[in-house]
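Subject: Structure handover

Hello,

Please find the structure below. My notes on it follow.

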Amino acid sequence: MNLNMRGSGSVTIDGKTFTGNNVTIVNGRVIVDGKTQDGELVGPITVTVNGDVESLENHAGNVTANNVGEISTGSGDVKCLDVSGSIRTGSGDIICGAVNGNIRTGSGDVNHG
């Protein structure tokens, strides 16, 4: 996963909350603004972002966010408010507000308005 925030915000990953501008997951380890956090993640993860997202890429797992620039998942549902760019998911449902770019899912339902 790679998350870039617009300004400061927090992200909850599998029930643990992290605060920073850039959050990544590499080999099951959470890295916030370049600092590796304690613990490891296993399997598909659930990500909830509290704040505005510049871009978010998640390989597997569900994503919930507020206002988003770009969002992409390999598999997992996406729930968000308005999107200034595009949303892409290989497999999963998309529920969102207005989208300025494209919406693409390999398999899943799309509900936006």
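In what order do the elements of the protein chain run from the N terminus on? The order is β-β-β-β-β-β-β-β-β-β-β-β-β. The protein chain holds 13 strands and zero helices. Both kinds of element are DSSP runs numbered from the N terminus: helices are H or I with at least four residues, and strands are E with at least two.

The radius of gyration of the protein chain is 13 Å, close to the 13 Å that the globule rule gives for 113 residues, so the chain is as compact as a globular protein of that length. That radius is taken over C-alpha atoms, and the globule rule is 2.2 Å times the number of residues to the power 0.38.

Before the details, a note on how to read them. This is a predicted model, in which local features need pLDDT of at least 70 and side-chain atom pairs count only at pLDDT 80 or more, while totals for chains, interfaces and linings use all residues. Residues are numbered from 1 along each chain as its sequence is written, and side-chain values use heavy atoms, with hydrogens and water left out.

Overall figures

The C-alpha atoms of the protein chain fill a box of roughly 40 × 30 × 20 Å along the principal axes. Of the 113 residues, 41% are buried (buried means under 20% relative accessible area, exposed over 50%, partly exposed in between, with a 1.4 Å probe and protein chains only). Among contacts with a separation of 6 or more, 18% join residues 24 or more positions apart; contact means heavy atoms within 4.5 Å. The protein chain carries 7 positive and 12 negative side chains, and the centres of the two sets lie 4 Å apart. Lys and Arg count as positive and Asp and Glu as negative, with His and the chain ends not counted; each charge is placed at NZ of Lys, CZ of Arg, CG of Asp or CD of Glu.

The core

The largest nonpolar core has 27 residues, and Leu3, Ile13, Val49 and Ile87 touch the most other members. Such a core is a set of buried Ala, Val, Leu, Ile, Met, Phe, Trp, Tyr and Cys residues joined through side-chain atoms within 4.5 Å. Elements giving two or more residues to this core include strand 1 (2-13), strand 2 (16-26) and strand 8 (68-75). Strand 1 supplies the largest share, four residues. Beyond its neighbours within four places in sequence, isoleucine 13 is in contact with Met1, Phe18, Val23, Ile25, Val30, Leu41, Ile45 and Thr46.

Single residues

Serine 10 is in strand 1 and is buried, with a relative accessible area of 16%. Not counting residues up to four places away in sequence, serine 10 touches residues including Phe18, Thr48 and Val49.

Asparagine 22, in strand 2, is partly exposed at 26% relative accessible area.

Aspartate 14 sits in the loop between strand 1 and strand 2 and has phi near 50°, a positive value in a residue other than glycine. Aspartate 14 is partly exposed, at 40%. Aspartate 33, in the loop between strand 3 and strand 4 (35-36), also has a positive phi, near 50°, and is partly exposed, with a relative accessible area of 42%.

Regards
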